[in-house]
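Good morning, and thank you for making time for this presentation.

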Amino acid sequence: MPHVTPLLADDPTRVGQYRLTGRIAGTHAGSPAYPGSGPEGIARMPADGPVYLGHSPDGGEVAVRLVEVVSIGEGAERDRFAAEAKAARRVAPFCAAQILGAGFENGYAFLVSEYVAGPSLEEFVAEKGPWEDRDLLALAIGTATGLAAIHQAGLVHGDFGPEHVVLGEEGPRVVGFGITPPYGIATPAADLRAWVHTVLYAAAGGTADPEDPEDLALLPEPLRTLAVRCMSTDHLGDQPSARSVVLTLLGDDHPPAGVLGEGSRQAARVSVRRRARPRDPDITPARKRRAAAAWWVAGVAVCLAAIVAVILFVQSQDSRSPSAAKPPASDGPAAASSGPSPSAPLPTPAVRVPAALAGTWSGQVSQTNPTDVFQAQVYLAPGAKPGTVHYSGASFSCAGNLVPVSDSAGNLKLDQAIVQGPCAAGVVTVSRGPGNTLQFSFKGKQGPMATGTLDKS
């Protein structure tokens, strides 16, 4: 697991709303980038900037990185940092650690991200040796899915490598990604070249050269062909995107759970249980590795049993369950607008729904704790009227009412009261997105969180 050491005498004990309890050794929180005037158009938080283990008011663990404000500059650069940090929160929680917030305090800027407990890929390979077969494929799918989620939000990682892959309980997670759109040499294509190096690092049990045919042969197909395409500079337009890499590895152009959702499910097959016997110290270079005995995939049966247990839990969860789920089938917007109604009349909302947000919206959303993918259908009545929400999953459906409670800076918050099905109560926040879209987020009273982009029906 990431090493956490006690705070130093001059370390802060609180940043913003987060209580700090220790220092996280290494760079698991990454070195987030933001636009600036430095080389290649990128300014970065110092590589040795402190990263702290923090705790949110609800007790959740987070990673908090500090950087002196002087490193960012003033005026427009500070505003850009804050804006890009906010944009980074749109990264879907599929194999990528979420950015939770950012701000400025006491001469420092800070970035808060999800804390993922577990060894880094670099640490795991150093102790356990090379990856093979299904574990290697699941690792490749998971890391490519994490990059696809980052790229889908219009961002790049900018510093991807084995040290920025944490093997958590739900599979590999990409951490430490930038909070900036592509600039200079930091591009999606550069991320994918780094992805090739990372996957080959795992396959070789150490550093290997993707330009060396002997090292490249460590990768099975279709990984090997994808690696060649990602590394190619002859025809830049032919380089695959992270999303297309995931689709190729899944072998399905239309996965039922969506590209990122299915990639996340496949990645969860990775077992991070440590073998009782440490790695053979002679298994370091790729060529020596071939002469060594291949290590067997440990814990596959345990992982499969755990996956089945999770599925059964989701299907049988009660009203405290965090799952929301995708909306039940309907004959169109009328079904959403009719919605369920509780036995007692709903209170008249004190807040009006803006005309720009009124209507029926639907689309795929993603959830954490536990990870899930589903559809949401929201009907917002114009004016001071309650709306409705529908969710449904593979084995359940829910419906509820939405009562507007506040409208601040274009963010409309609504209390969600479930009247049918096993979903959780909580708060829905919506805002107008680009084009004819609606940005949707949900935070349950019991802990679940879900985000997504909905289209107007």
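Predicted model: local features only at pLDDT ≥ 70, side-chain atom pairs only at ≥ 80, totals over all residues.

I shall begin with the model as a whole and then turn to particular regions of it.

The average pLDDT of the protein is 76, and 72% of the residues score at least 70. Residues 27-48 have a pLDDT that stays under 50, and the model gives this stretch 72 contacts beyond four places in sequence. The pLDDT is also below 50 over residues 280-344, a stretch with 125 contacts in the model beyond near neighbours in sequence.

As to the overall make-up, the protein has 12 helices and 19 strands. It consists of 457 residues, of which 50% are buried. If we take the contacts between residues at least 6 apart in sequence, 63% of them join residues at least 24 apart. The exposed surface comes to about 20,300 Å², with carbon and sulfur atoms supplying 54% of it.

Let us now consider strand 6, which covers residues 51-55 and is mostly covered, with 5 of its 5 residues buried. How do the residues of this strand point? Val 51, Leu 53 and His 55 point one way from strand 6, while Tyr 52 and Gly 54 point the other way. In a regular strand, side chains alternate between the two faces of the sheet. The partner I wish to mention is strand 3, residues 18-24, which pairs with strand 6 in the antiparallel sense over 4 bridges. Within this arrangement, Arg 23 stands opposite Tyr 52 of strand 6.

Helix 7 spans residues 223-231, and its buried residues are Leu 223, Leu 226, Ala 227, Cys 230 and Met 231. Viewed down the axis of helix 7, these buried residues fall within an arc of 125 degrees, so they line one face of the helix. Against what do they pack? The buried residues of helix 7 pack against helix 4 (133-152), helix 5 (188-204), helix 6 (213-216) and helix 8 (242-250).

Helix 8 has buried residues as well, namely Ala 242, Val 245, Val 246, Leu 247, Leu 249 and Leu 250. After helix 8 comes Gly 251, with a positive phi near 70 degrees.

The next topic is aromatic pairs. A pair of aromatic rings is described by the distance of the centres and the angle of the planes. How many such pairs does a search of the whole structure find? The search finds 2. In one of them, the ring centres of Phe 124 and Trp 131 are 5.4 Å apart and the planes stand at 55 degrees, so this pair is tilted. Phe 124 counts as buried, at 2% relative accessibility, and Trp 131 is buried with a relative accessible area of 1%.

Phe 374 and Tyr 391 also form an aromatic pair, which is edge-to-face, with 6.2 Å from centre to centre and 85 degrees between the planes. Phe 374 lies in strand 13 (residues 372-380) and Tyr 391 in strand 14 (residues 387-392), so the pair ties together parts that are 17 residues apart in sequence. Both Phe 374 and Tyr 391 are buried.

Strand 14 also contains Ser 392, which counts as buried at 7% relative accessibility. The C-alpha atoms of Ser 392 and Ala 376 are separated by 7.6 Å, the two residues being 16 apart along the chain.

Most residues other than glycine have a negative phi, and most peptide bonds are trans. Where is a cis peptide bond found? One joins Glu 221 and Pro 222, with omega about 5 degrees. Pro 222 is placed in the loop between helix 6 and helix 7.

Cys 95 is not a glycine, yet its phi is positive, about 60 degrees. This residue lies in the loop between helix 2 (76-88) and strand 8 (99-105). Is Cys 95 buried or exposed? At 4% relative accessibility, Cys 95 counts as buried.

Asp 133, likewise not a glycine, has a positive phi of about 50 degrees. Asp 133 is located in helix 4, and it is exposed, with a relative accessible area of 55%.

That concludes the presentation; thank you for your attention.

Terms used: Residues numbered from 1 in each chain as written. Heavy atoms only, no water. Buried < 20%, exposed > 50% of the residue type's maximum accessible area, 1.4 Å probe, protein only. Helix = DSSP H or I, 4+ residues; strand = E, 2+ residues; numbered from the N terminus. Pairing = 2+ DSSP bridges. pLDDT = per-residue confidence, 0-100. Contact = heavy atoms within 4.5 Å. Arc of directions from axis to C-beta. Areas by Shrake-Rupley, 256 points an atom, 1.4 Å probe, with all protein chains shown as cover. Phe/Tyr/Trp six-rings, centres within 6.5 Å; stacked < 30°, edge-to-face > 60°.
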